[in-house]
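Good morning, everyone, and thank you for coming.

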Amino acid sequence: MPSDTKLVATYIADFFETEDPNRARELILTNNSSMDSNERWRRETPYLVDKISIALAPNATSVILDFGCGIGRLAKGLIERHSCQVIGVDISSSMRRMAQEYVQSELFRVMTPQGFDQESTAAPCVDQAYAVWVLQHAAHPYEEIKRIQRALKPGGTFYVVNAPKRCVPCDLGWVNDGIDIYSCITELGFRQTAREKMDLYPDNGDPNQAHWCVTYERL
């Protein structure tokens with residue numbers, strides 16, 4: 001390959017499609033340096049349900065957006081604990097199907113991003129929202145954050161957990177395009193109100209490896 005040839009990565013739109021529930025868990029929670037997917041699922045799920053419960057303070061009248069819901073692991077925990085309504089949104093048709101089967105609650109609905117847009121066009125339709133390990137993978141994060149902002153009522157809380165850097169699934173592997181998700185969120189109509197280091201995973205004192213749980217208010 002000539003030295004002046006520029007490599008351009010191509011986003012894999014169907015990366016998160018699978019018919020295997022075990023594979024779905026692996027895609028949602030990849031192995032890391034301290035835990036495999038199964039241990040992450042077992043330990044991280046209740047940990048984040050606790051954190052989200054504190055940040056969003058849901059109750060039986062709350063309507064919450066689970067953006068990038070996967071197979072519904074967090075939605076299930078929140079519904080069981082608070083009897084809140086949860087709208088799950090995901091680009092993956094197989095994840096949406098598995099989410100409906102996994103959560104098994106009349107308080108849970110799952111939608112495509114485009115279907116959710118139709119519901120939120122007239123007026124904001126959710127009280128609170130969260131996105132866990134999602135925006136780091138989005139091909140067009142600005143558009144996704146705007147989608148969330150349109151749907152969330154003014155003053156509503158948006159809870160975000162992200163990897164330290166972008167991990168976009170492409171034909172060249174996981175690609176970091178350099179977009180700062182947290183800066184994008186504040187630029188697009190949110191005010192940061194809290195920031196907590198995720199102590200479940202070690203960062204060895206390296207700020208570039210730290211995982212943050214960040215809470216925002218929709219302005």
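Let me begin with a term: a residue is called buried when its relative accessible area is under 20%, exposed when that area is over 50%, and partly exposed in between. Please keep in mind that this is a predicted model. By that scale phenylalanine 15, with a relative accessible area of 25%, is partly exposed, and tryptophan 174, at 45%, counts as partly exposed too.

Now to the rings themselves, where the structure holds six aromatic pairs. In one of them, phenylalanine 15 and tryptophan 174 have ring centres 5.1 Å apart and planes at 70°, so the pair is edge-to-face. Because phenylalanine 15 lies in the segment before α1 (21-28) and tryptophan 174 in strand β7, this pair ties together parts that are 159 residues apart in sequence. Ring pairs also bring in Phe16, so that Phe15, Phe16 and Trp174 are linked into a cluster.

Let me turn to another pair, tryptophan 41 and tyrosine 102, whose centres are 6.4 Å apart and whose planes stand at 80°, so this pair is edge-to-face. Tryptophan 41 belongs to helix α2 and tyrosine 102 to helix α4, so the pair joins parts 61 residues apart in sequence. Tryptophan 41 is buried at 7% relative accessible area, whereas tyrosine 102 is partly exposed at 27%.

Both of these rings also have a charged residue over them: the charged end of arginine 25 sits over the ring of tryptophan 41, 4.2 Å from its centre, and lysine 76 lies over the face of tyrosine 102, at 5.3 Å from the ring centre.

Definitions and conventions
Residues numbered from 1 in each chain as written. Predicted model: local features only at pLDDT ≥ 70, side-chain atom pairs only at ≥ 80, totals over all residues. Heavy atoms only, no water. Phe/Tyr/Trp six-rings, centres within 6.5 Å; stacked < 30°, edge-to-face > 60°. Helix = DSSP H or I, 4+ residues; strand = E, 2+ residues; numbered from the N terminus. Buried < 20%, exposed > 50% of the residue type's maximum accessible area, 1.4 Å probe, protein only. Lys NZ or Arg CZ within 6 Å of the ring centre and 35° of its normal.
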